[in-house]
Amino acid sequence: MTLAVTGASGHLGRLVVTHLLALGVAPGDIVALVRRPDAVADLAGRGVAVRAFDYDRPETLAAGLEGVDSLLLVSGTAFGSREAQHRAVIEAAKAAGVGRIVYTSAPMSATSVNPVVPEHRATEQALAESGVPHVVLRNGWYHENYLRDLASAGQAGEILTAAGEGLVSSASRNDLAEAAARVLAGDEVGRTYTLGGDVAWSVDDLAADYSAVLGRPVAVRRVSGEEKAAILASFGLDEGTIGFAVGVDAAIAAGELAIDTGDLSRILGRPTAPIIDTLRAGA
């Protein structure tokens, strides 16, 4: 069975390919789909098939999917263009006779206020309309999302949040990649998994972890969404970035990123890694 992974040069996709190899999938049965094949020369050196595959170049899609049995469609990063990109891949997969698609989506895709969700919602709809058997992996927030704020929190001595008392069941990129590899290497269809870490933490817990990693106190400063937007604007951030940050906090406050399904640890067959491990590794 030939398994293909889109975005295989990215953080998540590369880890998925690595986990497929660790699971014992033969390198020749794995296809790494990338915009620039030279970016994954190391995977090619391990025997993985590498094919050019660009969401924005439809002529690369059909050839890239030839002979593929199961495809992991890793959601793109070009916000605002992802719906069209994903639809193009799904249509190409259907035309190529791909037997199954696994897609990395987001929690509560039908109702979420999270700004990343609308394009996921549209992609899930496109999958349903395509008739191609599929599995949806609704990935929660990554631990790694909080590395970018670690240094600034240390400098400011505080975390600015409009998330209220909301909880986040984040998970490491490695754990989510391993789960994707395990599902891709299987044969189930018609399932939707909501994937999050075993521990739902608060911003106070995050501040405690930041403090432990940095070796100095980090406090929590709770503000309203409007106040946070004004503060970020005073720092010179653009409107899009501000809207994203405030929107994510609103989703957290609404409980959208507190995931208690246990799906991730069940797929892995072990507990998920705690966020402080990722913070320590990235500090």
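Trainee: What should I know before I start?

Mentor: The model is predicted, so local features need pLDDT of at least 70, side-chain atom pairs count only at pLDDT 80 or more, and totals for chains, interfaces and linings use all residues. Residues are numbered from 1 along each chain as its sequence is written, and side-chain values use heavy atoms, with hydrogens and water left out.

Trainee: How do I read two packed helices?

Mentor: Two packed helices are described by the angle between their axes and the distance between the axes. Helices (H or I, at least four residues) and strands (E, at least two) are DSSP runs, numbered from the N terminus. Axes are lines fitted to C-alpha atoms, for helices over the stretch in contact, and angles run from 0 to 180 degrees between N-to-C directions. Here, helix α1 (residues 11-22) packs against helix α7 (residues 173-185) at about 55 degrees, with the axes 8 Å apart. That makes α1 oblique to α7 (under 35 degrees is roughly parallel, over 145 roughly antiparallel, 65 to 115 roughly perpendicular, and the rest oblique).

Trainee: Which residues of α1 and α7 meet?

Mentor: Contact means heavy atoms within 4.5 Å. From α1 come His11, Leu12, Leu15, Val16, His19 and Leu20; their partners in α7 include Leu176, Ala177 and Leu184.

Trainee: What is the strand order of the open sheet?

Mentor: Two strands pair if DSSP finds at least two bridges between them. The open sheet has seven strands in the order β3-β2-β1-β4-β5-β6-β8, with parallel pairing. At its edges are β3 (49-52) and β8 (192-195), each pairing on one side only. From one strand to the next, the twist averages 20 degrees.

Trainee: Is Leu160 buried or exposed?

Mentor: Buried means under 20% relative accessible area, exposed over 50%, and partly exposed in between (1.4 Å probe, protein chains only). Leu160 counts as buried because its relative accessibility is 16%. This residue sits in strand β7 (residues 158-161). Leaving aside residues up to four places away in sequence, Leu160 touches Arg221, Val223, Lys228, Ile231 and Leu232.
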